[in-house]
Amino acid sequence: MRALRRFTVRAALPEPLLPLSQLVMNLRWSWHPETRDLFEALDPELWRTCGGDPARVLGEVSAERLATLAKDRRFLRRLQDVVDDLQEYLTAERWYQSLGPDAPASIAYFSAEFGITEVLPQYSGGLGILAGDHLKAASDLGVPLIGVGLLYRAGYFAQSLSADGWQLEHYPALDPHGLPVKLLREDDGSAAVISVRLPENRTLHAHVWRAQVGRVSLLLLDSDIEENASAERSVTDRLYGGDEDHRLRQEMLLGIGGVRAVRAYCRLTGSPEPEVYHANEGHAGFQGVERIRELSEAHGLTFAEALQAVRAGTVFTTHTPVPAGIDRFPRALIERYFAGFGVPLDQLIPLGAEEDPAKFNMAHMGLRLGQRANGVSELHGRVSRSMFSDLWPGFDESDVPIGSITNGVHAPTWTARELVEMGTQTSGQGDPVEGNGPVHFDGVDKIAAGDLWSTRRLLRGRLVEEVRRRLRETALSRGATEAEVGWTDTAFDPDVLTIGFARRVPSYKRLTLMLRDPDRLKALLLDPQRPVQLVIAGKSHPADDGGKQLIQQMVQFADDPEIRHRIAFLPGYDIGMARYLYWGCDVWLNNPLRPLEACGTSGMKAALNGGLNLSIRDGWWDEWFDGQNGWAIPTAEGVADPDRRDEVEARAIYDLLSNQVLPRFYERGRDGVPARWVEMVRHTLRETGPKVLATRMVHDYVRRLYMPAAASSRAMSARGYSPAREEASWRHRLLDNWDTVRVAHVEATGGGDTPEIGSTLDLRAEVELPGLTPADVEVQAAYGRVDDADGLHEVTTVPMKHESTEGSRHWFTATLSLERTGAFGYTVRVLPQSEHVADPAELGVVTSA
């Protein structure tokens with residue numbers, strides 16, 4: 001029989017141990033070693049069998065054990081020390097508090113997934129892990145963030161393998177009452193209920209669960225409640241599951257319901273309302289639509305006026321380097337769900353307009369609703385400007401208003417404790433956690449090479465033990481008998497170069513590229529003097545049979561008895577497994593099709609542990625590879641034949657391993673230490689470590705996006721939203737008249753017959769502005785290197801000064817300095833200008849000579 005519902009029954013805590021409840025409900029324990037040590041001390045064996053889950057340990061520890069600990073003065077002193085430490089962490093002023101009143105009072109951060117800990121499995125891959133690290137780093141810096149997501153009752157999925165290596169998915173039911181979350185309640189003790197209107201007079205209701213991530217609250221909406229009909233109860237069943245209707249309901253609950261959950265949370269807790277709203281990918285785009293509806297109803301703003309106020313305080317981050325990765329809904333479906341919502345459909349639909357008029361594009365809506373947008377690495381910023389350039393016709397890709405902030409990772413979560421205690425993340429230049437990170441972690445220079453090497457071997461050995469345990473479990477689950485799994489006891493070797501490859505399994509990440517030449521790979525694995533061993537993990541989306549086939553190919557290769565002690569595919573990839581991989585792998589392999597990896601933070605986590613990256617120059621590695629922190633795999637980007645490209649790049653991997661990586665690892669001095677290898681490890685820890693920190697990333701978001709967005713939002717809402725009304729009116733007038741804007745004539749004087757470096761060129765432009773004034777525009781002179789087709793490159797722009805006016809004709813002047821040799825060209829262009837415009841390209845219109 002199957003249970004109708006499941007819940008957790010806990011032993012009552014004796015009064016001296018009541019602070020354990022406070023500790024377990026703050027997820028800081030997931031990155032705070034002393035708190036984890038305390039929970040392990042409750043019952044070390046139970047801690048191991050519960051997978052390091054404090055909530056489960058508290059639920060299963062015996063009443064007798066609790067009674068014993070309640071009288072143990074040493075344990076109680078430890079408990080009080082940890083409680084005091086948490087209290088100081090939660091209340092002390094940190095970096096953000098030094099910024100003063102210009103910093104936003106609160107920021108709402110929306111994401112479809114959050115990877116905080118494996119105990120709260122609300123993530124599928126890099127997007128969720130990044131969101132979790134963003135919250136943790138914000139907490140460490142004192143940033144007043146409110147996270148907003150959904151509570152999926154079955155998470156993503158639990159992965160296992162069939163006997164023939166096919167991925168199997170399982171969806172274990174999660175009991176929120178057994179998770180480290182609390183229900184948001186009204187003052188009378190009843191659960192707060194969020195409601196979202198659906199078609200056919202249906203309503204989607206949700207409870208709000210609050211997870212405390214250090215200083216940051218994470219609000220997770222849950223539709224599996226009695227107020228809902230069966231169809232609505234299942235909305236938050238699984239992450240990235242279901243058909244288009246299901247996904248749209250999820251994204252409406254995340255965006256619309258999320259804003260309403262924030263309103264309820266602020267009302268019930270007294271927390272300040274957010275001044276900035278950050279949408280982490282397009283899934284949360286409807287948060288902007290809900291805020292437009294709010295402003296229209298509460299302040300009588302038109303859609304256009306409310307849009308200006310909402311855009312000013314919205315930040316949009318895209319993580320998608322390919323159009324296929326964007327959520328696109330049928331336009332008719334949007335019209336059905338939003339009829340009667342409270343915003344005019346004829347103005348809502350253009351927010352998601354794209355090339356296909358029958359589709360509604362969530363990324364396009366995110367960009368149109370966010371005055372500030374960014375990609376997640378420098379290369380991804382360039383890719384995004386190219387991919388979305390059609391939204392800004394007439395502009396060069398370099399002018400598209402999408403910037404970049406390179407992702408980072410949360411060091412306390414991902415760095416091995418032994419390395420931290422050795423001082424690998426210390427600096428004589430200050431505290432990197434405070435956001436103004438040091439250029440170097442120079443503390444690593446004080447560590448002897450032998451000590452660094454022995455610690456790396458210790459961590460590799462710990463990984464080997466975990467691989468053996470998981471190999472045995474996997475073999476048994478796939479049908480092997482106890483008599484057939486003895487080989488796992490000696491699989492892998494703590495003294496062999498260990499390479500890790502773990503990530504989601506879409507085709508562009510090329511899981512099986514290493515299998516391109518099976519014989520050559522097998523020779524590397526079995527080399528008698530310089531062997532290599534490979535640990536591989538990853539999940540394919542349940543609907544992606546192509547990805548599952550790649551996993552099956554890898555599993556069947558690794559099943560070969562000749563090599564299975566040197567290569568393993570481990571199912572069940574999650575945060576818990578990932579830590580062992582990042583700690584213990586010597587080399588982190590990444591071979592995506594460039595430039596399809598937006599950032600790729602797994603290699604950053606390996607680097608924090610002294611792992612050396614062996615990667616295609618994509619994502620973060622493109623900007624931070626320096627020749628001493630690993631190896632760059634030469635890319636065959638531009639080769640049209642995908643098979644040939646795979647062939648070329650796979651051969652490059654084999655060659656790098658054979659000729660550079662393996663010789664350096666196995667080149668030992670008299671003391672048994674590979675000195676040149678250890679120096680690369682040291683360099684990686686010192687130079688790459690500070691760059692990849694999530695605190696650096698959040699610091700960048702605060703300075704470059706959150707604070708400017710807060711200033712814009714405050715400006716728009718001043719005097720009862722008068723500036724928003726004025727800006728909407730100005731934009732309407734400007735766009736109505738833009739087709740008549742023209743650069744009528746440009747004349748140049750000076751420079752002589754043969755211009756030389758140091759001379760100047762005087763430009764005078766006649767510009768026609770019917771219906772507009774010179775104050776409505778900025779006229780720019782743009783100049784730079786010119787190619788054979790008259791295209792400008794390495795462009796410099798200077799504003800031109802208004803000189804005179806005659807009716808609708810206006811004259812502007814500028815002086816250009818000729819500071820470089822070679823072919824030179826210039827042009828004049830006209831752009832909209834307003835104090836509320838964050839970027840000259842924002843309105844998407846430009847007129848050039």
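Good morning. I begin with helix α9, which passes α12 in a right-handed crossing. Please bear in mind throughout that this is a predicted model. Helix α9 covers residues 244-269 and helix α12 covers residues 331-338. Their axes lie 11 Å apart, and the two helices pack at an angle of about 50°. That angle makes α9 oblique to α12.

Which residues make this contact? On α9 they are E244, D245, L248, R249, M252 and I256. On α12 they are L333, I334, R336, Y337 and F338. By class, the contact of α9 with α12 comprises 7 nonpolar and 4 charged residues, with no polar ones.

Helix α18, residues 449-477, meets helix α21, residues 575-584. Here the axes come within 8 Å and cross at roughly 145°. This crossing of α18 and α21 is left-handed. From α18, the contact draws on R456, L459, R460, R462, L463, E466 and R470. From α21, the residues are M577, Y580, L581, W583 and G584. The contact of α18 with α21 divides into 6 nonpolar, 1 polar and 5 charged residues.

Next, the sheet. In general, the strands of a sheet pair through backbone hydrogen bonds, in either a parallel or an antiparallel manner.

The pairing of β21 may be followed at residue level. Strand β21 is joined by 7 bridges to strand β22, residues 760-768, and the two run antiparallel.

Finally, I come to the aromatic residues. How many aromatic pairs does the structure hold? There are 20. One of them is formed by F665 and W677, whose ring centres are 5.1 Å apart. The planes of these two rings stand at 90°, so the pair is edge-to-face. F665 belongs to helix α24, residues 642-666, whereas W677 belongs to helix α25, residues 675-691. The two residues are 12 residues apart, and the pair links distant parts of the chain.

Thank you for your attention.

Key. Residues are numbered from 1 along each chain as its sequence is written. This is a predicted model: local features need pLDDT of at least 70, side-chain atom pairs count only at pLDDT 80 or more; totals for chains, interfaces and linings use all residues. Side-chain values use heavy atoms; hydrogens and water are left out. Axes are lines fitted to C-alpha atoms, for helices over the stretch in contact, and angles run from 0 to 180 degrees between N-to-C directions. Helices (H or I, at least four residues) and strands (E, at least two) are DSSP runs, numbered from the N terminus. Angles under 35 degrees count as roughly parallel, over 145 as roughly antiparallel, 65 to 115 as roughly perpendicular and the rest as oblique. A crossing is left-handed if the near helix is turned anticlockwise from the far one by less than a right angle, and right-handed if clockwise. Contact means heavy atoms within 4.5 Å. Ala, Val, Leu, Ile, Met, Phe, Trp, Tyr, Cys and Pro count as nonpolar, Asp, Glu, Lys and Arg as charged, and the others, Gly among them, as polar. Two strands pair if DSSP finds at least two bridges between them. Rings of Phe, Tyr and Trp (its six-membered ring) pair if their centres lie within 6.5 Å; planes under 30 degrees apart count as stacked, over 60 as edge-to-face and the rest as tilted.
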